[in-house]
Amino acid sequence: MATIIGGITTSHVPAIGRAIARNLQADPYFKPFFDGFPPIHDWLATAKPDVAVVIYNDHGLNFFLDKMPTFAVGAAPEYRNADEGWGIPVVPPFRGEQGLSWHLIESLIGEDFDLTTCQEMLVDHAFTLPMALLWPGTEAWPVKVVPVCINTVQFPLPSAARVYKLGEAIGRAIRSWDADQRVVVIGTGGLSHQLDGERAGFINKDFDLKFMDSLLSDPTWATKYSITDLVELTGTQGVELLMWLATRGALGEQVRQVHRNYHIPISNTAAGTLALECR
Ligand code: DHB
Ligand code: FE
């Protein structure tokens, strides 16, 4: 059976992609964020995952407002990136792990989660930037992937409690996949940020730090909040923290912190990173 080695959650601000393209990792503005990754690189080098299940939200590259699934899972042999207009170079394609995709889809639908199944899927900055942060300078990605997309773009959004349950079901599905494979779960988005409207630039450091702590000490803590509470507490795009909750749900009860980092701001976003190892 497959093993979940752990989970990594991180922000996916497009400015990070521009910084990578211009080699600005040591620039004083970006360094406090990029410094969060070398300990995670060391852990990945030892833990050696074969597959990454990447939980993220698409921002209009693959799904647009006319058709917006709440939950979508990729089942493609390959996932390509495309230009979203940020001035970030397009990254090489990702190889899909179709065996795990179909096992995940069958397990989740078997547990009454209504999914959209995508046999073709473009992946946007929310997928590509965390991969570039975790495996920098890669010509060919060292893991196969399964994209899991959660709508945080167009209301109504799934509740935090439901997303946590989806994560738990993803964990059960991976652990029951009949393959001798090591799987890392990656969740991308957040932390607090609001890109538009009256509260543009809104950041809530106190909540973000409590949320990061809760993933170790009391993982379902944030599931008591409604989506409107979370928008109020973290900003309209801060609600991307749902991806962190799904990831934590997949990891099971016992986790150990590998590393964490929190830095304000990258662009207009509170940028957090957390790596947890399953025990
Ligand atoms: C921006 C875009 C994002 O998707 C995000 O999560 C944070 C910031 C931006 O446009 O700056
Ligand atoms: Fe985003």
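**Figure 1. Conventions for the close-up views.** A residue is buried when its relative accessible area is under 20%, exposed when over 50%, and partly exposed in between, using a 1.4 Å probe and protein chains only. Helices (H or I, at least four residues) and strands (E, at least two) are DSSP runs, numbered from the N terminus. The model is predicted, so local features need pLDDT of at least 70 and side-chain atom pairs count only at pLDDT 80 or more, while totals for chains, interfaces and linings use all residues. Residues are numbered from 1 along each chain as its sequence is written, chains are lettered from A and ligands numbered from 1 in the order in which they are written, and side-chain values use heavy atoms, with hydrogens and water left out.

**Figure 2. Helix α8 and the helices around it.** Helix α8 spans residues 227-234, and its buried residues are I227, L230, V231 and T234. These four lie on the same side of α8, because they cover an arc of only 100° around the axis; the arc is that of the directions from the helix axis to the C-beta atoms. An α-helix has 3.6 residues a turn, so residues three or four places apart point the same way. T228 and E232, on the other side of α8, are exposed. The buried residues of α8 pack against α6 (160-175), α7 (205-217) and α9 (242-250), where contact means heavy atoms within 4.5 Å. Just after α8 comes G235, with a positive phi of about 95°.

**Figure 3. S214 in helix α7.** S214 sits in helix α7. Its relative accessible area is 4%, and S214 is therefore buried. Once neighbours within four places in sequence are left aside, S214 is in contact with P219 and W221.

**Figure 4. Helix α5 and its start.** Helix α5 (residues 125-134) is mostly covered, with 10 of its 10 residues buried. Among them are H125, F127, P130 and M131. At the start of α5, the backbone nitrogen of A126 has a side-chain oxygen of D124 within 2.9 Å. A polar contact is a pair of N or O atoms within 3.5 Å; within protein, one must be able to donate a hydrogen and the other to accept it, and residues adjacent in sequence count only if both atoms are side-chain atoms.

**Figure 5. The largest pocket.** On a 1 Å grid over the protein atoms alone, a pocket is an open set of points with protein on both sides within 12 Å along at least five of seven lines, a cavity is a set of points where a 1.4 Å probe fits but cannot get out, and lining residues have an atom within 4 Å of a point. Grid points are joined across faces, edges and corners, and a volume is the space filled by probe spheres set on the points. The volume of the largest pocket is about 390 Å³. Of its 23 lining residues, H59, H193, L195, Q237 and E240 lie nearest the centre of the largest pocket. Helix α1 (residues 14-21) gives the largest share of this lining, three residues. The lining of the largest pocket has seven nonpolar, 14 polar and two charged residues. Ala, Val, Leu, Ile, Met, Phe, Trp, Tyr, Cys and Pro count as nonpolar, Asp, Glu, Lys and Arg as charged, and the others, Gly among them, as polar.

**Figure 6. The second largest pocket.** The second largest pocket holds about 280 Å³ of space. It is lined by 17 residues, and those nearest its centre are I20, V91, P92, A132 and T138. Helices α1 and α5 each supply at least two residues of this lining. By class, the second largest pocket is lined by 12 nonpolar, four polar and one charged residues.

**Figure 7. The largest cavity.** There are three cavities of 30 Å³ or more. The largest cavity has a volume of about 80 Å³. Its lining includes W86, I88, P89, V90, H125 and T128. Six nonpolar, four polar and two charged residues make up the lining of the largest cavity.

**Figure 8. Backbone details in loops.** Most residues other than glycine have a negative phi, and most peptide bonds are trans. F155 and P156 are joined by a cis peptide bond, with omega about 5°; P156 lies in the loop between β7 (144-150) and α6. Another cis peptide bond joins G190 and L191, with omega about -5°, and L191 is in the loop between β8 (182-188) and α7. D112 has a positive phi near 75° and lies in the loop between α4 (98-110) and β6 (116-118). D112 counts as exposed, because its relative accessibility is 62%.
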